[in-house]
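Here is a short briefing to read with the model open beside you. It goes from the whole chain to single residues, topic by topic.

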Amino acid sequence: MTYEAILARSFSRHEQRKLRYGALIGCLLIFLSFFTVFKPYLGPLPILNMRLSMGIAQRMFATKETESSQKQEMITVAQKATAKLELLLISTSHQENVTTKPELRLNSTYPKENETITKPEILVNSTDRHVVKNASMEAGPEVLLNNTERPAVETEESVPLNSTDHQDTSLSIAENVMRKREPLCNILNPRTDVCDIAGEVRVHAKSYTVYASSPEMATQDDGHTSWKVRPYARKSDRTAMSSVTEWSVLPASEGQREIPKCTQNHATPAILFSVGGFSGNHFHDFSDILVPLYLTARPFNGDVQFLVTDYHSWWVSKFRAIFQNLSKYPAIDIDREKEQVHCFPSVTVGLNRHDDFKINPSMPPHTTMSDFRDFLRTSYSLKRSKAIELRAGDPRKPRLLIVARKRTRSFTNPARIAKMAKAVGFEAVVAEADMNVPRFAELMNSCDAVMGVHGAGLTNMVFLPDNAVLIQIVPLAGDWLSRTYFGDPSRDMNLRYLEYKIGVRESTLLDQYPIDHVVLRDPRAFHKGKWDDFKKIYLDNQNVKLDVRRFRPTLVKALRLLQEQRH
């Protein structure tokens, strides 16, 4: 007999139905009890343990951001870039906010599902911008943001970075934060003080004050409340600095000082500098002002406003060609703007300087004296870039300029020198530099060699063509000055340098002192390193009567140098 027949005889139909329902409920309870007891020991299915690829993660992120994109199979390139950026800049441990400007490049190729990917590694460089590099990661697409396909993505808000995912960037971030706290002014350079001020900057001529009025600048003052700066690039020379106006640089601190309101707003950066000091001396015009101005202004490519303190109209007119080639705008005599407050997006107070009449290529802006000379040729429309190259039998005569001086350290016999130079094979010209810089620059550029006694007139060697010859006549006791201020710099200008040291009998000091006097016999023992004593005797009271026979071999060597071919 079957179980169904037995069950039918033992129970009514109604009782049978209740029994089935009870059995079903009992089975469900047993199943749930089993699942509850053994749940901690049950692992997820293998398919659920797979890590999402970067491409899928980005799609999920984009889906959360915009519900309308859920039905799309592919997200746009811009959404991928935004998702990538936000994923990278999630913080779990850094409590300090760091303002960042990530710069990414976008690859227009859509990511593939099974492609090996690289993970962007954010490094903070010295310009406070993030650079995306590649580092190994799991499977997924490579996302590079290309500036040519989409503008660089920038964010101004403070975004903490995830130290767990980017431990290798923590040092760079810390260095960047410290850089933010650097003082506005660099007063450690032994040659010049320079303040580089970004943000809204206000120049108040009446009080000779530059206000860094952006509130965030107050965090960079490193405890200073102000700086006193004389914007002339020879700060160790008290005599020069005594005629340079002192300016104050004040970082803004909310509630501590009242900042004057702008009366004139400028869209360009500005450079504030002095033409006081030793301006008017041709050497110092270049060494202290023009070369430093070139170093400071050239990176702006003309889009910079000059603010000149201790303004001399004759001086600015003298070098107008240089000013016009460094700035698109007329220089402002800032000392006369007493009733104005000029406002700029950034201001540099002072000029960068590397050395006396020199440029160090390893220092910003990483240019050279040869570049400066090219700049001068352009500014003055000079025609010759190279000196004459003589060959055997060449009938041409190289041109020699004999630099004359009317006061001190002048030649007493320039006519005899010119006559001897012609006999050697030169075309000799005697001239003295004057206020007409364009005219003398053209004359200097037309020559293949120049000779002169140590003095400011030799500064015009900057206008010589490449491979020209400079012959410096070294007066008695002038060895160090001659080598430092003209000999060494000439080599950086692609010039060939010769030196002729005069003898005691070629100095007019012999007419003032007996031949065995300490002034002639031992100049160092006489002046003992005292500049005033040295200058009074050897610079201000000495002329040169050149022994043309003794000097002749030097001119012959100069002619021979012009006959050599440079490759």
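**The chain at a glance**

Of the 567 residues in the protein chain, 45% are buried, where buried means under 20% relative accessible area, exposed means over 50% and partly exposed lies in between (1.4 Å probe, protein chains only). This is a predicted model, in which local features need pLDDT of at least 70 and side-chain atom pairs count only at pLDDT 80 or more, while totals for chains, interfaces and linings use all residues. Residues are numbered from 1 along each chain as its sequence is written, and side-chain values use heavy atoms, with hydrogens and water left out.

- The protein chain has 17 helices and 18 strands; these are DSSP runs numbered from the N terminus, with helices (H or I) of at least four residues and strands (E) of at least two.
- Among contacts in the protein chain with a separation of 6 or more, 76% are between residues 24 or more positions apart; contact means heavy atoms within 4.5 Å.

**Aromatic pairs**

- There are 22 aromatic pairs, counted when ring centres of Phe, Tyr or Trp (its six-membered ring) lie within 6.5 Å; planes under 30 degrees apart are stacked, over 60 edge-to-face and the rest tilted.
- One of them joins Phe 273 and Phe 306, whose ring centres are 5.6 Å apart with planes at 85 degrees, so this pair is edge-to-face.
- Phe 273 sits in strand E10 (residues 270-274) and Phe 306 in strand E11 (residues 305-309), so the pair ties together parts that are 33 residues apart in sequence.
- Phe 273 and Phe 306 are both buried.
- Trp 480 and Tyr 485 also make an edge-to-face pair, because their planes are at 80 degrees and their ring centres 5.8 Å apart.
- Tyr 485 counts as buried, at 16% relative accessibility.
- One aromatic cluster is formed by Phe 273, Phe 286, Tyr 294, Phe 306, Trp 315, Phe 319, Phe 323, Phe 372, Phe 375, Tyr 380 and Phe 463.

- All told, 16 of the 16 residues of H7 are buried.
- H7 (residues 282-297) bends by about 30 degrees at Leu 290, with a proline, Pro 292, following within four residues; the bend is the angle between axes fitted to the seven residues ending at a residue and the seven starting there.
- A side-chain oxygen of Asn 281 comes to within 3.0 Å of the backbone nitrogen of Phe 283 at the start of H7.
- Two packed helices are described by the angle between their axes and the distance between the axes.
- H7 packs with helix H10 (residues 369-379) at an angle of about 90 degrees, the axes being 11 Å apart; axes are lines fitted to C-alpha atoms, for helices over the stretch in contact, and angles run from 0 to 180 degrees between N-to-C directions.
- H7 and H10 are therefore roughly perpendicular to each other, the word for angles of 65 to 115 degrees, whereas under 35 is roughly parallel, over 145 roughly antiparallel and the rest oblique.
- In this packing, Phe 286, Leu 290, Val 291 and Tyr 294 of H7 meet Asp 371, Phe 372, Phe 375 and Leu 376 of H10.

**Residues to click on**

- Ile 289 is in helix H7 and is buried at 0% relative accessibility.
- Beyond its neighbours within four places in sequence, Ile 289 has contacts that include Tyr 232, Phe 273, Trp 315 and Leu 351.
- Thr 309 belongs to strand E11 and is buried, with a relative accessible area of 0%.
- Arg 353 lies in the loop between strand E13 (341-349) and H10, and is buried with a relative accessible area of 4%.
- The side chain of Arg 353 reaches the backbone oxygen of Ala 233 at 2.5 Å.
- Trp 531 is found in helix H16 (residues 531-539) and is partly exposed, with a relative accessible area of 45%.

**Backbone details**

- Most residues other than glycine have a negative phi, and most peptide bonds are trans.
- Pro 364 and Pro 365 are joined by a cis peptide bond, with omega about 5 degrees.
- Asn 301 is not a glycine, yet has a positive phi of about 55 degrees; Asn 301 is exposed at 65% relative accessibility.
- Phe 357 has a positive phi near 55 degrees and is buried at 1% relative accessibility.

Definitions and conventions. A polar contact is a pair of N or O atoms within 3.5 Å; within protein, one must be able to donate a hydrogen and the other to accept it, and residues adjacent in sequence count only if both atoms are side-chain atoms.
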